[in-house]
Amino acid sequence: IRGYFKGLTGPLIGSSIFRAVQFASFEAFYTKAEKIEILKKKIKYTFGLEYRVILGGIISGTCRSIIENPFELTKVRRQTNQSWKINDLYVGYKANLLKCTGLMTIYFIIIDFFRRNTDAFKSKLKLFLINGGAASMGFIFIWPIEIVKNKVQSQNIRNYSIYNMIKERIKSDGYFKSMYRGLGPGIGSVFLRNGAAMIVMQFTQHYLTVLGFRK
């Protein structure tokens, strides 16, 4: 138990905070952008995607990355039996920022598509599958950056180029072996936890409404 749950505290606390912030920041921007016509403009050949969804995803990912990075670093260091200091907490932030903005933008684009064009949100099973699938698709795209982030944080690399690190790994081990190592377990975890999280959030919102805490 101690071996498999090493580094749990950081992600447990951090995930609770940054996941709340990522959704709140997106919804806040998306709602405010309702009054800005240019942001509501639909992009051609995207089945009605609006600019505010893309910008909302970038804002959401940025907010998430600021909170997530310290918790991610402590998790990586604990899992690799290393110590950390306060001035280490934002090591790897550049990679984490790119990861989070890419992930959340892809996620919200997919969710927005299903929300506008289907009735899937009325079914708990479909909601589970769509939310888990959207998060998984986002992680597939950003997985190479996740690998770079973990390497930077575990080896305490302060000056680095994401492009050069990816290029070196591909040259050394080939594209799929170097860039998608560990993808299977990672996507399995992402799919289950994000699908379940959406069901729990919907359930909680329903009962908060019943109890009079939200309209």
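This briefing covers the fold, surface, charge pairs and selected residues of one protein model.

The model is predicted: local features need pLDDT of at least 70, side-chain atom pairs count only at pLDDT 80 or more, and totals for chains, interfaces and linings use all residues. Residues are numbered from 1 along each chain as its sequence is written, and side-chain values use heavy atoms, with hydrogens and water left out. The protein has 7 helices and 0 strands. The structure holds 13 salt bridges.

**Overall fold**

- Along the sequence the pattern reads α-α-α-α-α-α-α. Helices (H or I, at least four residues) and strands (E, at least two) are DSSP runs, numbered from the N terminus.
- The radius of gyration is 18 Å, close to the 17 Å that the globule rule gives for 215 residues, so the protein is as compact as a globular protein of that length. That radius is taken over C-alpha atoms, and the rule is 2.2 Å times the number of residues to the power 0.38.
- Taken along the principal axes, the C-alpha atoms fill a box of roughly 45 × 40 × 30 Å.
- Contact means heavy atoms within 4.5 Å. Among contacts between residues at least 6 apart in sequence, 71% join residues at least 24 apart.

**Burial and surface**

- Of the 215 residues, 40% count as buried. Buried means under 20% relative accessible area, exposed means over 50%, and partly exposed lies in between (1.4 Å probe, protein chains only).
- The protein exposes about 12800 Å². Carbon and sulfur atoms supply 66% of that area. Accessible areas come from the Shrake-Rupley method with a 1.4 Å probe; for residues, only the protein chains shown count as cover.

**Charges and salt bridges**

- There are 33 positive and 12 negative charges, and their mean positions are 4 Å apart. Lys and Arg count as positive, Asp and Glu as negative; His and the chain ends are not counted. A charge is placed at NZ of Lys, CZ of Arg, CG of Asp or CD of Glu.
- Side chains of opposite charge can pair when their charged atoms come close. A salt bridge here is a side-chain nitrogen of Lys or Arg within 4 Å of a carboxyl oxygen of Asp or Glu.
- Glu34 is partly exposed at 38% relative accessibility. Lys40 is also partly exposed, at 23%.
- Arg52 pairs with Glu50 at 2.5 Å, N to O. Both Arg52 and Glu50 are buried.
- A network of salt bridges links Glu34, Lys40, Lys42, Glu50 and Arg52.
- Asp88 bridges to Arg77, with the closest N and O atoms 3.4 Å apart. This pair links distant parts of the chain: Asp88 is in the loop between α2 (51-79) and α3 (93-117), while Arg77 is in helix α2, 11 residues apart. Both Asp88 and Arg77 are buried.

**Positive phi in loops**

- Phe47 is not a glycine, yet has a positive phi of about 60°. Phe47 sits in the loop between α1 (9-32) and α2. Its relative accessible area is 65%, so Phe47 is exposed.
- Asn81, another residue other than glycine, has a positive phi near 55°. Asn81 lies in the loop between α2 and α3. With a relative accessible area of 62%, Asn81 is exposed.

**Residues that meet across the sequence**

- Met179 belongs to helix α6 (residues 175-179). At 0% relative accessibility, Met179 counts as buried. Leaving aside neighbours within four places in sequence, Met179 is in contact with Trp143, Pro144, Ile147, Ile166, Arg169 and Ile170. Met179 and Val148 are 31 residues apart along the chain, with their C-alpha atoms separated by 8.9 Å.
- Leu183 is in helix α7 (residues 183-210). Leaving aside neighbours within four places in sequence, Leu183 contacts Ile140 and Trp143. Leu183 and Ser136 are 47 residues apart in sequence, and 10.0 Å apart from C-alpha to C-alpha.
- Gly133 is in helix α4 (residues 124-155). Gly133 is partly exposed, with a relative accessible area of 27%. Gly133 and Asn194 are 61 residues apart in sequence, and 8.6 Å apart from C-alpha to C-alpha.
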